[in-house]
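Here is a colleague's note to read alongside the structure. Please keep the model open as you go through the points.

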Amino acid sequence: MERANDPKTGYRSPQKAYGLKYTAAHALDLNDPVYLAAKNEGLSMVTNTILSLFAKYKLDAIVYPTSPRPATLIDSPAPGGGGCRLGHQLSRTKRFP
């Protein structure tokens, strides 16, 4: 955890370091009934909830960003190359309702 706060390591998440310290200080024992209920029943509850959402709304996937930063524009790989900007490509793509 010390490395998470050390600027020399390039780790830029003091919030994550705080979260790890907090969790370590407040973690339940592996035999605690609350922990066991969450471990044994929680995963199946979440799985069934997600599967019911897929069925109810006829979904194939759920997309969620994994980075807090906005996506960057994709340019052609080399200056003067044959690629086009993604924004331009998407504006020409046929969209279905």
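**Notes on the predicted model**

1. Fold pattern. Along the sequence, the protein reads α-α-α. It has three helices and zero strands. The model is a predicted one, so confidence comes next.

2. Confidence overall. The mean pLDDT of the protein is 75. A score of at least 70 is reached by 66% of the residues.

3. Confidence by element. Helix 2, residues 33–56, has the highest confidence, with a mean of 92. Helix 3, residues 86–92, has the lowest, with a mean of 47. The pLDDT is below 50 over residues 85–97. Beyond near neighbours in sequence, that stretch has eight contacts in the model.

4. Burial and surface. Of the 97 residues in the protein, 3% are buried.

5. Nonpolar patch. Which residues form a nonpolar patch on the surface? They are Met45, Val46, Ile50, Leu53, Tyr57, Leu59 and Ile62. Together they have about 630 Å² of accessible area.

6. Leu59. This patch member lies in the loop between helix 2 and helix 3. Is Leu59 buried or partly exposed? Leu59 counts as partly exposed because its relative accessibility is 34%. A patch residue needs over 30%, and Leu59 has 34%.

Notes
Residues numbered from 1 in each chain as written. Predicted model: local features only at pLDDT ≥ 70, side-chain atom pairs only at ≥ 80, totals over all residues. Heavy atoms only, no water. pLDDT = per-residue confidence, 0-100. Helix = DSSP H or I, 4+ residues; strand = E, 2+ residues; numbered from the N terminus. Contact = heavy atoms within 4.5 Å. Patch = residues over 30% accessible without salt bridge, like charges linked within 9 Å, V, L, I, M, F, W, Y side chains within 5 Å. Areas by Shrake-Rupley, 256 points an atom, 1.4 Å probe, with all protein chains shown as cover. Salt bridge = Lys/Arg side-chain N within 4 Å of Asp/Glu carboxyl O. Buried < 20%, exposed > 50% of the residue type's maximum accessible area, 1.4 Å probe, protein only.
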